Amino acid sequence: MTRGDDDAGWLRAALTLAGRTRGRTAPNPNVGCVIVRDGRVVGHGWTQPGGRPHAEAMALAQAGAAARGATCHVTLEPCAHVSARGPACSDLLVTAGVAHVVAALEDPDPRTAGAGFARLRAAGIAVTIAPPTGPVAAAARASMAGFLTRRAAGRPHVTLKLATSLDGAIALASGESRWITGAAARAHVHLERSRHEAILVGRGTLDTDAPRLDVRLPGLVTRSPRRIVLTSAAPPAGWTAIATPAAIAGLEDVDHLFVEGGARTAAAFLAADLVDRLLLYRAPILIGGGVRALGDIGLDALAAAHGRWRAVDARMLGSDRVEVYERERVASAAAITGATR
């Protein structure tokens, strides 16, 4: 195995750590870090809820003196700016005396954006960045999709969940919809909820179903997302209202948004081209003349429907099937200022 293979393996381990606080660190990215010396992990960390401490600070505190001469594997470029909430991670790494930093991505925050790497190199620390078209960089972009979408597009990363019958219905004609899918698929939805800062439904779903939209998995009950309703009317207690899909840009400390219902709301987000990831749960049932999953999404030609979605995962959840699709987009070079990492 080559050194590059080792580095990729440690970066994948750091990405696993980063996943522990996805949906809990906004407006900071969820970063993971593994510090290795002589083939042994001497420190590891991940960005804590609320965004501090950073992953590198946590890992360095654990490593102590063993960090000197070690290699730091981190999923995002160490920050270069000093904040009232803590020191710059690039400075911490220099002070600790690490010999090598291996990173999955450059930080798009203009206050760092290469400056972190430059500071490390100026101190004599070797820097290796994963190939931008390689699998590790792709996994890092997926891991920090919320942070990166907020920087590039000025809004949260949006996942749309649809649970349908085989013939594309989300309820009987009477409106009965509990339950389209089985227990395993519903548990998977709760796991997805726990990875988002906020969850959104339309006013019709709120009034008809009175959904709790919480997380009811053992060990994750404290990770219920903030509840948002799409309506121009005043929201009930405990809810935040937005009038249009575009208003998600103004949701503070929300980098991952989970859109869960209903059909008009789903169609509105698709028509506005604000969906980045699609979760399609399909139960092995036929409903016939039920409520359809989507209304008009603004397509004026069948050709416009093609080439928009890329399948990235599919699996069975009990008797149900979940398919995951990502929106194909042209990458933007623009970065939105105001990050707090």
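## Strands and their pairing

Two strands count as paired if DSSP finds at least two bridges between them, and strands themselves (E, at least two residues), like helices (H or I, at least four), are DSSP runs numbered from the N terminus. This is a predicted model, in which local features need pLDDT of at least 70 and side-chain atom pairs count only at pLDDT 80 or more, while totals for chains, interfaces and linings use all residues. Residues are numbered from 1 along each chain as its sequence is written, and side-chain values use heavy atoms, with hydrogens and water left out.

Strand β3 (residues 71-74) is joined by 4 bridges to strand β4 (residues 100-103), and these two run parallel; within this pairing, Cys-72 stands opposite Val-101 in β4. Strand β1 (residues 32-37) is also joined to β3 by 4 bridges, but in an antiparallel arrangement, and here Val-36 has Thr-71 as its bridge partner.

## Side chains of β3

Thr-71 and His-73 point one way from β3, whereas Cys-72 and Val-74 point the other way, and all are buried, where buried means under 20% relative accessible area, exposed over 50% and partly exposed in between (1.4 Å probe, protein chains only).

## Cysteines

A disulfide is a pair of cysteine sulfur atoms within 2.5 Å, and a search of the whole structure finds 0 of them. Cys-72 is in no disulfide, since the nearest cysteine sulfur, that of Cys-33, is 3.5 Å away; Cys-72 counts as buried because its relative accessibility is 0%.
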